[in-house]
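Please look over the sequence and the structure before reading the points below.

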Amino acid sequence: MKSRLFASIAVGAAIVLGTSGCAFITPQSTEIPYSPADGINVKNVAGAPLEIRNALVVADAEGTTGNLIAAVINMTDSSHTLTIQVGDGSSAVTETLHVQAHTVSSLGQNVDPLRLEGIDAKPGSTVPIYFQSGDADGALADVPVLGANDALYKGLVPTPLPTVTPEPTETPAG
């Protein structure tokens, strides 16, 4: 009788451990960091005063011009400048953004989006962008490129720049 009770307890313990043992070694998906948005959060470099959240590029259909959209967060007591570089070498486009202390500058909302000319990034691809602030090293991020398919981004697609035609000048008769 005692052996039957012991066997029942052993079988019950084996079933409980067998069916719940995976939870002890399987990573919990709630512990895996991810960007819950269309853009990406740029890895914050130690010592960098500015944080970049939900960075994405909304490009035209050809992928030659895009608008950089992102939230730049300054939680420090002083203003800082963010340097943004797209591309390498002589074709690199470098822009700066000044961010006041204790503010969020949202490119595309309370600040105009940053227009990127001459990129080669069609919607659905990524474009490498280098972000640097303060004295810290910068961070290189593969920023996703989106198009006008989503109604949320229709107003953020770059429009062609107006062409300026020089006015004819009159030459004095002489």
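The side chains of His80 and Ser78 are joined by a polar contact of 3.3 Å. The model is a predicted one. His80 belongs to strand β3, which covers residues 80–86. The largest pocket has a volume of about 180 Å³, the second largest pocket one of about 160 Å³, and the largest cavity one of about 90 Å³.

**Around His80**

- Apart from neighbours within four places in sequence, His80 is in contact with Pro49, Leu50 and Asn74, and also with Leu97, His98 and Val99.
- One of these contacts, Leu50, is also among the lining residues that lie nearest the centre of the largest cavity.

**The largest pocket**

- Its volume is about 180 Å³.
- The lining of the largest pocket includes Arg53 and Asn54, then Ile69, Ala70 and Ala71.
- Ser106, Leu107, Gly108 and Gln109 also line the largest pocket, as do Leu152, Tyr153 and Leu156.
- Three strands each supply at least two residues of this lining: β1 (50–59), β2 (65–74) and β5 (103–107).
- The largest share comes from β2, with three residues.
- By class, the lining of the largest pocket holds seven nonpolar residues, four polar ones and one charged one.

**The second largest pocket**

- This pocket has a volume of about 160 Å³.
- Its lining consists of 13 residues, and those nearest the centre are Val86, Gly87, Gly118, Ile119 and Asp120.
- Two or more lining residues come from each of β6 (114–117) and β7 (126–133).
- β7 gives the most to the lining of the second largest pocket, namely three residues.
- The lining of the second largest pocket is made up of seven nonpolar, four polar and two charged residues.

**The cavity**

- How many cavities of 30 Å³ or more are there? The count comes to one.
- The largest cavity has a volume of about 90 Å³.
- Of the 15 residues that line the largest cavity, Lys43, Ala48, Leu50, Ile52 and Phe131 lie nearest its centre.
- β1 and β7 are the elements that give two or more residues to the lining of the largest cavity.
- Eight nonpolar, four polar and three charged residues form the lining of the largest cavity.

- β1 supplies at least two residues to the lining of the largest pocket and gives two or more to that of the largest cavity.
- β7 gives three residues to the lining of the second largest pocket and two or more to that of the largest cavity.

Definitions and conventions. Residues numbered from 1 in each chain as written. Predicted model: local features only at pLDDT ≥ 70, side-chain atom pairs only at ≥ 80, totals over all residues. Heavy atoms only, no water. 1 Å grid on protein atoms, 1.4 Å probe; cavity = no way out; pocket = protein on both sides within 12 Å on 5 of 7 lines; lining within 4 Å. Points joined across faces, edges and corners; volume = space filled by probe spheres on them. Helix = DSSP H or I, 4+ residues; strand = E, 2+ residues; numbered from the N terminus. Nonpolar A, V, L, I, M, F, W, Y, C, P; charged D, E, K, R; others polar. Polar contact = N/O pair within 3.5 Å; in protein donor to acceptor, adjacent residues only side chain to side chain. Contact = heavy atoms within 4.5 Å.
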